[in-house]
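Please consider the sequence and the three-dimensional model shown below. The paragraphs that follow lead through them topic by topic.

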Amino acid sequence: FAGTGIPEFNGDSIPATSANIRPYEVKGDSVGNIYFTDFSSCLVRIISSGIVNTLAGTGTCSQSPSLSQQIATMASLGQVYGLFVDSTGGIYVTESTQVRYISRDLTATPTLVPTTTIPNNYDNSSSSPTPVVANSSSPLCYLATIAGNGSVASTGDNGPATSAAIAGPCGVWGDSLGNIYFSEFLTTGKVRKVDTFGIITTFIGNEQNTYDGIGGAPTSVSL
């Protein structure tokens, strides 16, 4: 379906079976697009009608933790891991110390975080974003940070998610109520939650990095 068995990036707007990729996580949307995080190239990519393109990242592996909205292909990403596509086509990805939101709609609001919690990013006046469709060139998308301040730590609970330090977010998922959850695998061993007000809390785990079975409060369990 995609890839040549060689990990080094070799371009966009080419058949997916001719593309050099190193995928980490793969998701699909309701209109048949396939999205994946290209781990070694620090890119988020899309396959549509058999053609692969880049949605976010420059190919240079370095984080740009700005809260301000950026053109996604002009924003450098760290190594990208988890990926979640919501029902409107909004894309959430995790990188070394941040969770990012990608949209093709300049005025779209992340469905899991209201505009008021992300200064200078989005205007909530438009309709929800539509799923991205690739064409002969890389699709124009927009990127913003919704969690993480660029520091490797696990701090900031009960405050704004964009001011919190997060330690190696990996898997990411959103529920039907508008909350987002992600796992932290560096130093902490826990799952954290960003609610619909943009506030971050620990959902599961007590930072012990061990396994102590089941039972008890989620935040008392070791992972």
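**Aromatic pairs, sheet and cores**

Eight aromatic pairs are present in the structure; rings of Phe, Tyr and Trp (its six-membered ring) are taken to pair if their centres lie within 6.5 Å, and the planes count as stacked under 30 degrees apart, edge-to-face over 60 and tilted for the rest. Phe 84 and Tyr 92 form a tilted pair, with 6.1 Å centre to centre and 40° between the planes. Both Phe 84 and Tyr 92 are buried, where buried means under 20% relative accessible area, exposed means over 50%, and partly exposed lies in between (1.4 Å probe, protein chains only). One aromatic cluster is formed by Tyr 24, Phe 39, Tyr 81 and Phe 185.

The model is predicted, so that local features need pLDDT of at least 70 and side-chain atom pairs count only at pLDDT 80 or more, while totals for chains, interfaces and linings use all residues. Residues are numbered from 1 along each chain as its sequence is written, and side-chain values use heavy atoms, with hydrogens and water left out.

The strands come next. Helices (H or I, at least four residues) and strands (E, at least two) are DSSP runs, numbered from the N terminus. An open sheet is formed by five strands in the order 1-5-4-3-2, with antiparallel pairing; two strands pair if DSSP finds at least two bridges between them. Strand 1 and strand 2 (23–28) stand at the edges, and each has a single partner strand, so one side of each is left without a neighbour in the sheet. Within the sheet, strand 4 and strand 5 pair in the antiparallel sense over five bridges. Arg 45 has Thr 54, in strand 5, as its bridge partner.

A nonpolar core is a set of buried Ala, Val, Leu, Ile, Met, Phe, Trp, Tyr and Cys residues joined through side-chain atoms within 4.5 Å. The largest such core has 16 residues, and those with the most contacts inside it are Tyr 35, Val 44, Ala 56, Leu 83, Ile 91, Ile 102 and Leu 143. At least two residues of this core come from each of strand 4, strand 5, strand 7 (83–85) and strand 8 (91–94). A second, separate core has 14 residues, including Phe 84, Tyr 92, Phe 182 and Val 194. Phe 84 and Tyr 92 are thus the tilted pair described above.

Which strand holds Asp 38? Asp 38 lies in strand 3 (residues 34–38), and it counts as buried because its relative accessibility is 0%. Its side chain reaches the backbone nitrogen of Arg 22 at 3.0 Å; a polar contact is a pair of N or O atoms within 3.5 Å, where within protein one must be able to donate a hydrogen and the other to accept it, and residues adjacent in sequence count only if both atoms are side-chain atoms. With neighbours within four places in sequence left aside, Asp 38 is in contact (heavy atoms within 4.5 Å) with Asn 20, Ile 21, Arg 22, Leu 43, Arg 45 and Val 80.

Thr 97 is located in the loop between strand 8 and strand 9 (99–103). Thr 97 is buried, because its relative accessible area is 2%. Beyond neighbours within four places in sequence, the contacts of Thr 97 include Gln 63, Gly 148, Asn 149, Ile 166 and Pro 169.

**Cysteines and positive phi angles**

A disulfide is a covalent bond between the sulfur atoms of two cysteines; the criterion applied here is a pair of cysteine sulfur atoms within 2.5 Å. The structure holds one disulfide, which joins Cys 42 to Cys 61 with an S to S distance of 2.0 Å. The link of Cys 42 and Cys 61 is right-handed, with 105° about the S-S bond. Cys 42 lies in the loop between strand 3 and strand 4, and Cys 61 in the loop between strand 5 and strand 6 (70–71), so the pair ties together parts that are 19 residues apart in sequence. Cys 42 is buried at a relative accessible area of 0%, whereas Cys 61 is partly exposed at 41%.

Ser 49, which is not a glycine, has a positive phi of about 55°. Ser 49 sits in the loop between strand 4 (43–48) and strand 5 (51–56) and counts as exposed at 77% relative accessibility.
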